[in-house]
Amino acid sequence: MTDTPQAAVDPGDPVTDPEPVAGTPGASSVMLLGSGELSRELVLAFQRLGAEVIAVDRYADAPAHGVADRPVVAKMNDAEELTALIERENPRYVVAEGGVIAADALIAVAERGVAEVFPTPRSTRLSLDREGLRRLAADELGLPTAPFWFAGSTEELGAVVQHAGFPLVVKPIASAAGEGESVLVRAEDVEPAWQRAVAAGRIPHNRVMVESVVEIDFEVTLLTIRTVGPTGPAVHFCEPIGHRQADGDVLESWQPQRLAPAALDAAKSIAARIVNSLGGRGVFGVELLVRGDEVYFDNVRPRPHDSGMVTLRSQRLSEFELHARAILGLPVDTIMISPAAAEIVYAGAEARPPSGQDPQAVLAEALAVAESDVALFNRPDETEDRRRLAVALATAPDPIVARDRARRVTAALRRLW
């Protein structure tokens, strides 16, 4: 199955982006802030386009360090150290990929024109601030969302409960999807939910977001690629990706997720508006909740993410290749070549291979599944609380069949841990 790339731009977009400058000193030098497993794929995508990549992280021997042109260990949350590193290496592009990064340093670098910064410093800051992002989406842009509130104490959380009623979902202000979340169904849940959310936040923050539980049919990720060319900004859409958590330690995703025509139009409108507001160039994973023809904005990640790893087999260009092309100012396309599915297996640092297990025999069993592929992650990845162990991939004429194949691959791989 193939799809013609689609592009759109909000006529009212206030963001003005400079076009990439080719042929200047360091034009193909990319500094990647964050060197986890996803960054490893991104390093390879940049290198295939002729870029030299400096991979930075707070610890040595990170996954992307093994393939980068130059690995660097630095405190990315230290504004002074990060600024000095950027000035010393003098890259043409600085790409924030993961971890807690000193946004103030990126803002200063961008304002001085030392390098082009992606995502925009504003996007980087909002990706660590659910309150700021939700207020941008709902209050400034008028995007439909689930009813929400914010609380700065257990007393304020209790007041929200009295006002809104049950059930409610409590989330940290800054965390990965699912981390520190609780569902409140009775008054006794308030204190534990508060403690769990505050403890799980990526940055110290005594504040939580509270949402009403909205009945939906499914969740989708709409990968949206923002580019800037001779005619100005444009956004391109991949086919919607369905996703769900399975058994708590597996993320399952598949492409395409079918949407009604009205829902698809609404999804693209929401994605274009939030992405154009954030500005910059690259891949944005816009998370949406769908119920019939109704679509609600949930979140946006200004970089490739786990749910988009299905594009490694479903599309002509993966989310990593699309991100690299957009940042370097090169043409993109979002052609899907086959329905596909992916399952990512996670575990804590305690996961170890069982003794006596033959890895080659396990791989042989997994890859015996029709149209399947696997990627095993062996390097330590300290960028996420949950370590990725592997991704199982499969294609098929239909996403339902692809999902079944990916599950069979995962079932075989589980014997490795």
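What follows is a chat about the chain as a whole and then some of its residues.

Biologist: Before we start, what kind of model is this?
Modeller: It is a predicted model, so please read every value as computed from that prediction.

Biologist: Okay. How many helices and strands does the protein chain have?
Modeller: There are 12 helices and 19 strands in the protein chain.

Biologist: And what share of the residues is buried?
Modeller: The chain has 417 residues, and 54% of them count as buried. The accessible surface is about 17,200 Å², with 51% of it belonging to carbon and sulfur atoms. As for contacts between residues at least 6 apart in sequence, 63% join residues at least 24 apart.

Biologist: Let's look at a helix. How many residues does H12 have, and what does it reach from end to end?
Modeller: H12 covers residues 399–413, which is 15 residues, and spans 21 Å from its first C-alpha to its last. That is close to the 21 Å expected at 1.5 Å a residue.

Biologist: What caps the N-terminal end of H12?
Modeller: Asp 398 does, with a side-chain oxygen 2.7 Å from the backbone nitrogen of Ile 400.

Biologist: Which residues of H12 are buried?
Modeller: Among them are Ala 402, Arg 403, Ala 406, Val 409 and Leu 413. In general, an α-helix has 3.6 residues a turn, so residues three or four places apart point the same way.

Biologist: What covers the buried residues of H12?
Modeller: The cover includes helix H11 and strands S13, S14, S17, S18 and S19.

Biologist: Can you pick a residue from one of those strands? Where is Ala 341?
Modeller: Ala 341 is in strand S17. The residues it touches include Ala 402, Arg 403 and Ala 406, as well as Ser 253 and Trp 254.

Biologist: Is Ala 341 buried or exposed, and why?
Modeller: Ala 341 counts as buried because its relative accessibility is 1%, and the cut-off for buried is under 20%.

Biologist: New topic: which side chain of opposite charge is nearest to Arg 303?
Modeller: That is Glu 97, 4.4 Å away. Arg 303 is buried yet has no salt bridge, since a salt bridge has to be within 4 Å.

Biologist: Which backbone oxygens lie by polar atoms of the Arg 303 side chain?
Modeller: The backbone oxygen of Ala 96 is 3.3 Å from one polar atom of that side chain, and the backbone oxygen of Glu 97 is 3.1 Å from a polar atom of it. Arg 303 itself sits in the loop between strand S16 and helix H9, and its contacts include Pro 119, Phe 284 and His 323.

Biologist: You mentioned Pro 119. What kind of peptide bond joins Phe 118 and Pro 119?
Modeller: A cis one, with omega about -15°. Pro 119 lies in the loop between strand S6 and helix H4. The bond from Gln 255 to Pro 256 is also cis, with omega near 5°, and Pro 256 is in the loop between S14 and helix H8. Most peptide bonds are trans, and most residues other than glycine have a negative phi.

Biologist: Then which phi value does Asp 61 have?
Modeller: Asp 61 has a positive phi of about 60°, although it is not a glycine. Asp 61 is in the loop between strands S3 and S4, and is partly exposed, at 43% relative accessible area.

Biologist: And what about the phi of Glu 371?
Modeller: Glu 371 has a positive phi too, about 55°. Glu 371 lies in the loop between H11 and S18, and counts as partly exposed at 44% relative accessibility.

Key. Residues are numbered from 1 along each chain as its sequence is written. This is a predicted model: local features need pLDDT of at least 70, side-chain atom pairs count only at pLDDT 80 or more; totals for chains, interfaces and linings use all residues. Side-chain values use heavy atoms; hydrogens and water are left out. Helices (H or I, at least four residues) and strands (E, at least two) are DSSP runs, numbered from the N terminus. Buried means under 20% relative accessible area, exposed over 50%, partly exposed in between (1.4 Å probe, protein chains only). Lys and Arg count as positive and Asp and Glu as negative; His and the chain ends are not counted. A polar contact is a pair of N or O atoms within 3.5 Å; within protein, one must be able to donate a hydrogen and the other to accept it, and residues adjacent in sequence count only if both atoms are side-chain atoms. Contact means heavy atoms within 4.5 Å. The expected span of a helix is 1.5 Å times one less than its number of residues. Accessible areas come from the Shrake-Rupley method with a 1.4 Å probe; for residues, only the protein chains shown count as cover.
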